[in-house]
Amino acid sequence: MEGGVFSAHKPTYLLLLLHIFLLALLPFKAISSPKTQAEALLTWKKNTFDSAPPSLTSWSLANLNNLCNWYAIVCDQSSKQVSQIDLSTFNIAATLTHFNFTPFLKLTQFNIRGNYFTGPIPSELGFCTNLTYLDLSSNSLEGPIPSSIGQLRELQHLDLSNNFLNSSIPSELGLCTNLTYLALVSNHLEGKIPSSIGQLRELQNLYLQMNFLNSSIPSELGFCTHLTYLHLSSNSLEGPIPSSIGQLRELQYLNLSNNFLNSSIPSELGLCTNLTYLALASNHLEGKIPSSIGQLRELRHLDLQMNSLDSSIPSELGFCTNLTYLDLSSNHLEGKIPSSIGQLRELQNLYLQMNSLNSSIPSELGFCFSLTYLDLSRNQLSGSIPLTLSNLSRIQGLNLSNNNLNGSFPTEIAFPRLGKFYLSHNNFTYNTFVGNSDLSKKNNKKVIIGGLVFVCGLFVVTTTIALILVFHKKTKCALKKINSAQNFENFESMILQEEVKFTFGEVVKAIDDFHEKYCIGKGGFGRVYKAELLSGQVVAVKRLNMSDSNDIPAINLQSFENEIRTLTNVRHRNIIRLYGFCSRRGCIFLLYEYLERGSLGKALYGVEGVTQLGWATRVKIVHGLAHALSYLHHDCSPPIVHRDVTVNNVLLESDFEARLSDFGTARLISANSSNWTHIVGSFGYMAPELALTMRVTDKCDVYSFGVVALEVMMGRHPGDLLESELSKSSKSMTEDNAELLLKDLLDQRLEVPSNELAKAVVLVMSLALGCIRMRPGSRPTMLYVAQKLSAQSLPSLPLPFGMLTINKLMGI
């Protein structure tokens, strides 16, 4: 009976359920209507935007029913609901915390790149399940990446780079199986790379560099067979390079540098035959360089420096005929330089220094006609210099020092473009060097002196006894004067490079116990002295009075010694060598390479600024400084932050090659921490965030580089320009300097650059302006700057040079 009653009322019951269901859907329709979306955007703007840019005036109550015409908003044509929000580079200071994502069910693109957003990434972002493009990069977002991001199953492009995100990479990212682009660069991410990343079978670009990831590289990466770019450098990754990486047959770019990877280089890398860029530098890799690397016929850049690779250089490298850059320096390679290297006709840079290579220089090296830089120093090479090197007409830097080479430098060899030339610590006899006239005189002089040593030897021996007798009579008179210098040998702590041929006592004696007449400079950290040793070598000595200075806090000497051991191993053509240090009785002494020409500041503001610092020279100086900082930041392990980049800390060689100096001093402050209790640096060059956060990052150096680059191009400190940048949040730069013509900003002492020089100057200025951005995350890395400045071809000008404004440059 009851069943019959229920059957009789069944249609009515089903209609009631359907009615209730439809009523339940009404709120969802309401909350995703154009009106509710407009209200959500207005609430967000009103409550969290510190100052909305003028372009967002269309976001208003008066315009509530015209959402699809709002600036930075794109609507779906059929539903009239928001499908795209693009607020990139609007200089907005706000948070995402109070943005109601719920109404935006049809949102496909959300872009707030290059702003000042702070706070966490809200988990509610996971409601926007139709998102295909999400870019939150170059802000100041912090906290973890929410696991709800795994709900975005349609996502193809995700960029969270250049923020302060921490915690680990959520494994839920592996659920976003449509991803083709994933970038989490320059955050504070730690822990492991989740194995679930292997589920991203459509992934083409993966950028995780410059974090604190500290696990092994998951073998599951080998399942991402569409990868073309893989960048994991500057982390703390350890363990082996997985052999599964050989499955990435479409891979073109692989950078695993600056980690703690060990084991050997897998031979399976030879299967990635589309590779053009391979960098494994600054790891703990050992064993041999696999011969399979010769299968990489498209390879242009190979960097394996600063590892523990042994065995010999494989002859198969000669098959990589597209190579332009090859760096195998600072390993334990032995044996011969293979003759097959002569097949690398496109090679421009070859660095094999600091190994144990023990053969002769192969004559086939002379067939590398494109070589501009060749460094074979600090090996055990023997024999004579082959005549075929005369073919290297483009060579600009040649270093064969610290080997066992003999004979004479062939007079038939001429290097018309040579700027740097090192032959010292070999067994050469007298010769004539033909090439750059200044170099000829300089090197001939050294070689002549060397040739006279034997002739003078006999004279020295015969007069030694007489001299001893003479000096014996003067010993008591001289003892008091020299005694204080000898006391410096009783140091508390001392570190010197192994190849240094002088003692600290000799240095102190050369400057008469730090007499004022030898002082060549004074700064916030102490005084600098010029010491001319008896051997003829000249060194710079920086004396730091730790106990007498209120500017320098107490340091952990052991910690500082560890830092110095690292810094003395720094080797780069654009960085002044730090020979070592000594500590004694509350003082610390740093020994540096000395350059006679002096600082960039001295040259820029002196007569040389007009007569010798033309546009080409200034571009060259900026180029050298960029490469020095790029090396410290990206090629040293651990990375080194200079902390005090100024025109006075850039020294110049005789050919105006820039050499960054003083990179050891600022590290006295809390060597094991990025947090300071004292601000170290020079006013006018310090990044603005330092005064607020006291937090040191590589982006502080980037800002200082930008200031120096502008100063070099402008011929004056860019104070007004920096103040304008600082006041952007309250007053648009367009109202101040944005419409200023570039030609009026440049050093008026020089003629306006033209043709290729004009392009080079524009490139330097545009990069410099990017480096002084207020928000650290929006500044480029020094690696990026150095690569841009080293590009083979310069970008064309968007307008005639005389019409270019600062505003236009900031958009290049």
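This is a predicted model: local features need pLDDT of at least 70, side-chain atom pairs count only at pLDDT 80 or more; totals for chains, interfaces and linings use all residues.
Colleague: How many helices and strands does the chain have?
Modeller: The chain has 17 helices and 40 strands. Of its 812 residues, 51% are buried. Among contacts with a separation of 6 or more, 56% are between residues 24 or more positions apart.

Colleague: What makes C68 and C75 a disulfide?
Modeller: The distance from S to S is 2.4 Å. The cut-off is 2.5 Å, so a pair of cysteine sulfur atoms within that distance is called a disulfide. By this rule the count comes to 1 disulfide.

Colleague: Which hand does the link of C68 and C75 have?
Modeller: The link is left-handed, with -100° about the S-S bond.

Colleague: Why is C75 called buried?
Modeller: C75 has a relative accessibility of 10%. Buried means under 20%, so C75 counts as buried.

Colleague: Are C519 and C771 buried or exposed?
Modeller: C519 has a relative accessible area of 17%, and C771 has 0%. The cut-off for buried is under 20%, so C519 is buried and C771 is buried.

Colleague: What makes D135 a buried residue?
Modeller: D135 has 2% relative accessibility. With buried set at under 20%, D135 therefore counts as buried. D135 is found in strand β5, which covers residues 133–135.

Colleague: Which residues is D135 in contact with, leaving aside neighbours within four places in sequence?
Modeller: D135 is in contact with F110, N111, I112, R113, H157 and D159. The word contact is used because heavy atoms lie within 4.5 Å.

Colleague: How are two packed helices described?
Modeller: Packed helices are described by the angle between their axes and the distance between the axes. For helix α9 (residues 615–635) and helix α15 (residues 755–771), the angle is about 35° and the axes are 10 Å apart. The crossing of α9 past α15 is left-handed.

Colleague: Which residues make the contact of α9 with α15?
Modeller: From α9 they are W615, A616, V619 and V622, and from α15 they are L757, A760, V761 and V764. The residues of this contact divide into 8 nonpolar, no polar and no charged. Ala, Val, Leu and Trp are among the residues that count as nonpolar.

Colleague: What is the order of the strands in the open sheet that contains β4?
Modeller: The order is β4-β6-β8, with parallel pairing of the 3 strands.

Colleague: Why do β4 and β8 stand at the edges?
Modeller: β4 (118–119) and β8 (164–165) each have a single partner strand, so one side of each has no neighbour in the sheet.

Colleague: How do you know that β4 and β6 pair?
Modeller: Pairing needs at least two bridges. 2 bridges join β4 to β6 (residues 140–143), and these strands run parallel. T118 has S140 in β6 as its bridge partner.

Colleague: What makes β26 a partner of β28?
Modeller: β26 and β28 (residues 404–407) are linked over 2 bridges in the parallel sense, and at least two are needed for a pair.

Methods: Residues are numbered from 1 along each chain as its sequence is written. Side-chain values use heavy atoms; hydrogens and water are left out. Buried means under 20% relative accessible area, exposed over 50%, partly exposed in between (1.4 Å probe, protein chains only). Axes are lines fitted to C-alpha atoms, for helices over the stretch in contact, and angles run from 0 to 180 degrees between N-to-C directions. Helices (H or I, at least four residues) and strands (E, at least two) are DSSP runs, numbered from the N terminus. A crossing is left-handed if the near helix is turned anticlockwise from the far one by less than a right angle, and right-handed if clockwise.
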